[in-house]
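Biologist: I have a sequence and a model on my screen. Please show me how to read them, one feature at a time.

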Amino acid sequence: GLTSLIYNYISCLILRKVVQIMSDDLKKRVEKSLDTIRPALMADGGNVELVAVKDGIVKVRLQGACGTCPSALMTLKHGIEVRVKEDVPEIQEVEAV
């Protein structure tokens with residue numbers, strides 16, 4: 001009846017909020033990990049911007065010198081991705097967009 005419908009609706013709202021909080025926490029943890037890498041990137045005239053975190057995939061935008069550097073893919077996969085995956089084990093991959 002109506003009570004069951006209301007209960008299901010409230011349960012859905014609570015679940016959506018929990019998922020949102022978990023997602024926000026994951027983004028904060030990824031951003032904190034990126035913050036540890038930024039000084040090295042900035043020293044070479046570059047930076048990295050967090051674009052999105054979804055389904056274990058982090059999307060970043062390489063900026064400044066990093067955006068045009070021939071070593072950008074190496075920096076992304078062997079620097080940024082390794083660090084982020086160490087700091088945030090839920091992450092499976094880091095991609096440039």
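Modeller: Start with a pairing of strands. Strand β2 and strand β3 (residues 93-96) run parallel, joined over 4 bridges. Strands count as paired if DSSP finds at least two bridges between them. Within this pairing, Val-60 has Ala-96 in β3 as its bridge partner.

Biologist: What kind of model is this, and how are residues numbered?

Modeller: It is a predicted model: local features need pLDDT of at least 70, side-chain atom pairs count only at pLDDT 80 or more, and totals for chains, interfaces and linings use all residues. Residues are numbered from 1 along each chain as its sequence is written, and side-chain values use heavy atoms, with hydrogens and water left out.

Biologist: How many helices and strands does the protein have?

Modeller: Elements are DSSP runs, numbered from the N terminus: helices are H or I with at least four residues, strands are E with at least two. Here there are 3 helices and 3 strands. Their order from the N terminus is α-β-β-α-α-β.

Biologist: In which sense do β1 and β2 pair?

Modeller: Antiparallel, over 8 bridges; β1 covers residues 46-54 and β2 covers residues 57-64. Gly-46 is bridged to Gly-64 in β2. Lys-54 stands opposite Ile-57 in β2. The two strands form a hairpin, with 2 residues between them.

Biologist: What should I check in the turn?

Modeller: Check phi. Most residues other than glycine have a negative phi. Asp-55, in the loop between β1 and β2, has a positive phi near 55°.

Biologist: What share of the residues of the protein is buried?

Modeller: Of the 97 residues, 26% count as buried. The protein exposes about 6600 Å², and carbon and sulfur atoms supply 61% of that area. Such areas come from the Shrake-Rupley method with a 1.4 Å probe; for residues, only the protein chains shown count as cover.

Biologist: How do I read the overall shape?

Modeller: Compare the radius of gyration with a rule. The radius is taken over C-alpha atoms, and the globule rule is 2.2 Å times the number of residues to the power 0.38. A compact globule of 97 residues would be near 13 Å, but this protein has 18 Å. Its C-alpha atoms fill a box of roughly 65 × 20 × 20 Å along the principal axes.

Biologist: Which places show how sequence separation relates to distance?

Modeller: Take Gln-20, in helix α1 (residues 2-43). Its C-alpha atom is 37 Å from that of Pro-70, 50 residues apart along the chain. Gln-20 is partly exposed, at 40% relative accessible area. Now take Asp-87, in helix α3 (residues 72-87). The C-alpha atoms of Asp-87 and Lys-32 are 55 residues apart along the chain, yet separated by 8.8 Å.

Biologist: Which residues does Asp-87 touch?

Modeller: Contact means heavy atoms within 4.5 Å. Leaving out residues up to four places away in sequence, Asp-87 touches Arg-29, Ser-33 and Thr-36. Asp-87 is partly exposed, with a relative accessible area of 36%. Across the protein, residues 24 or more positions apart account for 46% of the contacts with a separation of 6 or more.

Key:
Buried means under 20% relative accessible area, exposed over 50%, partly exposed in between (1.4 Å probe, protein chains only).
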